[in-house]
Number of protein chains: 2
Amino acid sequence: MDRRQKKTRESIFKAFSLLLETNRYEHITVQDIIDKADIGRSTFYTHFETKDMLLKEVCHDIFAHIFDNELCSYKGDKNDLQSRLAHILWHFKEIEKEIFGILASASGDLFIGYLKENLNLLFKMYLADFKTDVPADFLLNYLVGSFCETVKWWVNNKMTEPPETVANYFMAVIETH
Amino acid sequence: MDRRQKKTRESIFKAFSLLLETNRYEHITVQDIIDKADIGRSTFYTHFETKDMLLKEVCHDIFAHIFDNELCSYKGDKNDLQSRLAHILWHFKEIEKEIFGILASASGDLFIGYLKENLNLLFKMYLADFKTDVPADFLLNYLVGSFCETVKWWVNNKMTEPPETVANYFMAVIETH
DNA sequence: TAAGATACCGAACATATTGTACAGTAATTT
DNA sequence: AAATTACTGTACAATATGTTCGGTATCTTA
């Protein structure tokens, strides 16, 4: 890839990331981004169709990074699940400031959407050999959704508790399944 | 209240409601609303500061209606909770078409926000005399969040299952607390 | 290192939406 | 019947979006 392209992309991501530390996603304009990235208007649009597409790529990168080798080696038992969830939370803690800007907005759904997609795979394996009295997709949706709510709760609490503790809480409330 | 004001408000609500049946909230513009309601632009703004304020009022009305005498008489036991949750779902079913337009958008959070507010009261009573090993606010958040996820799941499934069944599922998965 | 390809610049433009202002008209209240 | 209040509709400023295009800088490759 052309060094110039790489540089502009980097500067856009960087600017976006910085803006997310102090602004909610929905209030950030393309103008803000190109000002901070110090690039031409048309340049932005050759790289990204819309602001949403930019966010989408950012989310994609984040989750590609987090769930990289997370899933392949999953053993499927409870302890393993718990440590993996804690691990995910650790990654979120790393990009704490961006997460605030992304989540604290109506469009936090986009981020949560990606999270759910990835969690689905994880929990699907966890539930593989379970018999239940409720529909399987309801149960899956419940577990994934509950963990997302846990994440949001944690973020709203400024991520004060250690990831392990939060994962602990979560496992405790869903324990019976 | 002046008959004219009442009429205009009604026509705005009606137009908004109709638009929600075929469009997502975020894609509806003030222009769309005043066209459909057949009122002047300035008239809209004398009634509502922004589109969000309109949605807010609509949500407020919906939940004022649903949770009216719902809470005062709450007995606090499991069966009672279940039937109340089912009752809430019945109300949602009544305004099915609007719900789709509201929920199927990034700003569904506003609606969900109201739902959570009201559910908080309900579940707080339910949890009043519980001892747990996880923080009380985590547990409360978990229950409220899980029910919201249940609602979303149900809506995404076109509300096919009867409300009682869905409430049943929900009680089943949170049963241990 | 010269030539061609590619990416960026920046300014201009069309379009859409928002929210405000104001003078005129109609309905309602007292 | 007079005074108040609400609606109309047009116009306007402000902001944001997404596109276009000629010119310039930077890369690649032959």
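Student: How many Å separate the centres of domain 1 of chain A and domain 2 of chain A?

Tutor: Taken over C-alpha atoms, the centres of these two domains of chain A are 28 Å apart. Domain bounds come from an automatic or database domain assignment, and here that assignment divides chain A into domain 1 (3–48) and domain 2 (58–173). Residues are numbered from 1 along each chain as its sequence is written, while chains are lettered from A and ligands numbered from 1 in the order in which they are written. Please keep in mind that this is a predicted model, in which local features need pLDDT of at least 70 and side-chain atom pairs count only at pLDDT 80 or more, whereas totals for chains, interfaces and linings use all residues.

Student: What pLDDT does chain A average?

Tutor: The term pLDDT stands for the predictor's confidence in each residue, from 0 to 100. Chain A averages 91, and 94% of its residues score at least 70. Among the elements of chain A, the lowest mean pLDDT, 90, belongs to helix α6 (residues 96–103), and the highest, 97, to helix α3 (residues 41–47).

Student: How many helices and strands has chain A?

Tutor: Helices (H or I, at least four residues) and strands (E, at least two) are DSSP runs, numbered from the N terminus. By that rule chain A has nine helices and zero strands, and its C-alpha trace spans about 55 × 35 × 25 Å along the principal axes.

Student: How many residues of domain 1 of chain A are in contact with domain 2 of chain A?

Tutor: Two residues are in contact if their C-beta atoms, placed from the backbone, lie within 7 Å. Nine residues of domain 1 of chain A are in contact with nine residues of domain 2 of chain A. To sort such residues by class, Ala, Val, Leu, Ile, Met, Phe, Trp, Tyr, Cys and Pro count as nonpolar, Asp, Glu, Lys and Arg as charged, and the others, Gly among them, as polar. On the side of domain 1 of chain A that touches domain 2 of chain A, there are four nonpolar, two polar and three charged residues.

Student: Which helices of chain B supply at least two residues of the side that touches chain A?

Tutor: The contact between the chains involves 19 residues of chain B and 19 residues of chain A. On the chain B side, α8 (136–156) and α9 (163–173) each supply at least two residues, and α8(B) gives the most, with nine residues. By class, that side of chain B holds nine nonpolar, six polar and four charged residues.

Student: Which residues are the closest to DNA strand C?

Tutor: A residue is near a molecule or strand if its C-beta atom, placed from the backbone, lies within 6 Å of it. DNA strand C is surrounded by 21 residues, and the closest are Thr8(A), Ile39(A), Gly40(A), Ser42(A) and Ser42(B). The largest share of this surface, four residues, comes from α3(A), and by class the surface near DNA strand C has three nonpolar, ten polar and eight charged residues. Around DNA strand D there are 21 residues, of which Ser42(A), Thr8(B), Ile39(B), Gly40(B) and Ser42(B) come nearest; here α3(B) gives the most, with four residues.

Student: Is Asp38(A) buried or exposed?

Tutor: A residue is buried if 20 or more other C-beta atoms lie within 10 Å of its own, exposed if 12 or fewer, and partly exposed in between, with C-beta atoms placed from the backbone. Asp38(A), in the loop between α2 and α3 of chain A, has 9 C-beta neighbours inside 10 Å and therefore counts as exposed. Most residues other than glycine have a negative phi. Asp38(A), however, has a positive phi of about 55° although it is not a glycine. In chain B, Lys158(B), which lies in the loop between α8 and α9, has a positive phi near 60°.
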